[in-house]
Amino acid sequence: MELAWHFLGERNGEPILRDGRLLQVGEWYEHDGPLVMCSSGYHASTLALDALQYAPGPWVSLCEVDGTIERENDKLVCTRRRALWAYDATEQLR
């Protein structure tokens, strides 16, 4: 298990996953299909600055990633991810 950064979109002031579900901090999300970078699995980046370039919105979360993990230079895809906290960073991103 390791720590990584993930940015999320928002709906009605709440952080949402790319599939439209509301993020539940502390809940493990598990992917049981094939891992495909940028397409299938749970994504994150080791560095917050790397994660920012993929940000669909202003919410940032520090996550634990686990299970099978595949890596590229600036991102990873994994079978398990859990947000430890999430924060609306709109003001900091301006």
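1. **Basis.** The model is predicted: local features need pLDDT of at least 70, side-chain atom pairs count only at pLDDT 80 or more, and totals for chains, interfaces and linings use all residues. Residues are numbered from 1 along each chain as its sequence is written, and side-chain values use heavy atoms, with hydrogens and water left out.

2. **Fold.** The protein chain has two helices and six strands. Read from the N terminus, the order is β-β-β-β-α-β-β-α. Helices (H or I, at least four residues) and strands (E, at least two) are DSSP runs, numbered from the N terminus.

3. **Overall dimensions.** The C-alpha trace spans about 35 × 25 × 20 Å along its principal axes. The radius of gyration of the protein chain is 12 Å, which agrees with the value near 12 Å for a compact globule of 94 residues. That radius is taken over C-alpha atoms, and the globule rule is 2.2 Å times the number of residues to the power 0.38.

4. Of the 94 residues, 37% count as buried. Buried means under 20% relative accessible area, exposed means over 50%, and partly exposed lies in between (1.4 Å probe, protein chains only). Now take the contacts in the protein chain with a separation of 6 or more: residues 24 or more positions apart account for 68% of them. A contact means heavy atoms within 4.5 Å.

5. **Surface and charge.** The accessible surface of the protein chain is about 5,500 Å², and carbon and sulfur atoms hold 50% of that. These areas come from the Shrake-Rupley method with a 1.4 Å probe; for residues, only the protein chains shown count as cover. There are 9 positive and 15 negative side chains, with the centres of the two sets 2 Å apart. Lys and Arg count as positive, Asp and Glu as negative; His and the chain ends are not counted. Each charge is placed at NZ of Lys, CZ of Arg, CG of Asp or CD of Glu.

6. **Core.** The largest nonpolar core has 13 residues, and Leu23, Val65 and Leu76 have the most contacts inside it. Strands E1 (2–11), E4 (42–44), E5 (59–71) and E6 (76–88) each give two or more residues to this core. A nonpolar core is a set of buried Ala, Val, Leu, Ile, Met, Phe, Trp, Tyr and Cys residues joined through side-chain atoms within 4.5 Å. Leaving aside residues up to four places away in sequence, Val65 touches Met1, Glu2, Ala4, Ala44, Leu76, Cys78, Arg80 and Arg81.

7. **Positive phi.** Asn12 is in the loop between E1 and strand E2 (14–16). Its phi is near 55 degrees, positive in a residue other than glycine. Asn12 is exposed, at 75% relative accessibility. Cys38 sits in the loop between strand E3 (28–30) and E4. Phi of Cys38 is near 70 degrees, again positive in a non-glycine residue. Cys38 is exposed too, with a relative accessible area of 57%.

8. **Leu52.** This residue belongs to helix H1 (residues 48–52). Leu52 is partly exposed, at 33% relative accessible area. Not counting residues up to four places away in sequence, Leu52 touches Phe7 and Leu93. Leu52 and Trp5 are 47 residues apart along the chain, with 8.7 Å between their C-alpha atoms.

9. **Gly13.** The loop between E1 and E2 also holds Gly13. Gly13 is partly exposed, at 41% relative accessibility. Gly13 and Trp59 are 46 residues apart in sequence; C-alpha to C-alpha, they are 9.5 Å apart.
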